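Here is a friendly briefing to read with the model open beside you. Please load the structure and keep the sequence to hand.

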Amino acid sequence: MAEFIKIYEDKPSEAAIKKVVDVLRNGGLIIYPTDTVYGLGCDITNTKALERIAKIKGIKLEKANFSFICNDLSNISNYVKQIDNSTFKILKRALPGPYTFILPGNNDLPKEFRKKKTVGIRVPANNIALEIVKLLGNPIVSTSIRDEDEVIEYSTDPELIFEKWESMVDLVIDGGYGDNIASTIIDLTGYEPEVIREGKGSLDIL
């Protein structure tokens, strides 16, 4: 049975953030708010936790397209190849914000992702998510929680999310109502930026 804790986005409690990080360090799965939809996440360095998320999503871990949630741009350079100036400018304009950027992965990716040539990076404009990653000291791997109901593609009510997920995860954060529009996904691995999915993030940053 998962724990359900309230954290306020404008001033996240240090004790609550520490509790979340302890769960992650022990291989737990969390559901947490972002600047778009609620996400399902775990510690990027924990293989068992990564396998649990892949199983929930019904995919093989090596085939999974999870995002890495980072707390700033310096975090990103640990996992992606050297990026050029124009790419850096786009990232600087857009982050933190409701975007997922696909970038070329480097050799320091966790072993589960080494076969992948690219990685999806997010720095959400949400204090709860950023404080968790900052205290953890490395990114969390994340995927959106989708709702089977086609009308409500993403769950937005934390209490309903908890009811649905309490047997599958270890902790659910109530960070207030979430959004139901996903992030904008932009591929920056080619000569020109390519919009893969237009979501909440405006394309004016390109």
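This is a predicted model: local features need pLDDT of at least 70, side-chain atom pairs count only at pLDDT 80 or more; totals for chains, interfaces and linings use all residues.

Residues are numbered from 1 along each chain as its sequence is written, and side-chain values use heavy atoms, with hydrogens and water left out.

**Nonpolar cores**

- The largest nonpolar core has 42 residues, and those with the most contacts inside it are Ile31, Phe68 and Phe101. Such a core is a set of buried Ala, Val, Leu, Ile, Met, Phe, Trp, Tyr and Cys residues joined through side-chain atoms within 4.5 Å; buried means under 20% relative accessible area, exposed over 50% and partly exposed in between, with a 1.4 Å probe and protein chains only.
- Two or more residues of this core come from each of strand E3 (39-43), helix H2 (47-57), helix H4 (85-94), strand E5 (99-104), strand E6 (118-122) and helix H6 (158-165). Helices (H or I, at least four residues) and strands (E, at least two) are DSSP runs, numbered from the N terminus.
- H2 gives the largest share of this core, four residues.
- Apart from this core lies another, of 19 residues, among them Ile7, Ile69, Ala129 and Leu171.

- The structure holds four aromatic pairs. Rings of Phe, Tyr and Trp (its six-membered ring) pair if their centres lie within 6.5 Å; planes under 30 degrees apart count as stacked, over 60 as edge-to-face and the rest as tilted.
- One of these pairs joins phenylalanine 68 and tyrosine 79 edge-to-face, at 5.6 Å centre to centre and 85° between the planes.
- Phenylalanine 68 lies in strand E4 (residues 67-69) and tyrosine 79 in the loop between helix H3 (73-76) and H4, so the pair ties together parts that are 11 residues apart in sequence.
- Phenylalanine 68 is buried, with a relative accessible area of 2%, and tyrosine 79 also counts as buried, at 10%.
- Tyrosine 99 and phenylalanine 101 form a stacked pair, 5.6 Å centre to centre with 15° between the planes, and both residues are buried.
- Phe68, Tyr79 and Phe113 make up one aromatic cluster.

**Helix H2**

- Ala49, Leu50, Ile53 and Ala54 are buried in H2. Seen down the helix axis, the buried residues of H2 fall within an arc of 140°, so they line one face of the helix; the arc is that of the directions from the helix axis to the C-beta atoms.
- Those buried residues pack against E3 and strand E7 (140-144), whereas Lys48 and Lys55 are exposed on the other side of H2.
- Asparagine 46 caps the N-terminal end of H2, with a side-chain oxygen 3.2 Å from the backbone nitrogen of lysine 48.
- Glycine 58, whose phi is positive, near 70°, follows H2.

**Two loop residues**

- Asparagine 126 sits in the loop between E6 and helix H5 (127-136) and counts as buried at 5% relative accessibility.
- The side chain of asparagine 126 reaches the backbone nitrogen of isoleucine 128 at 2.9 Å. This is a polar contact, a pair of N or O atoms within 3.5 Å; within protein, one must be able to donate a hydrogen and the other to accept it, and residues adjacent in sequence count only if both atoms are side-chain atoms.
- Lysine 60 is found in the loop between H2 and E4 and counts as exposed at 54% relative accessibility.

Conventions:
Contact means heavy atoms within 4.5 Å.
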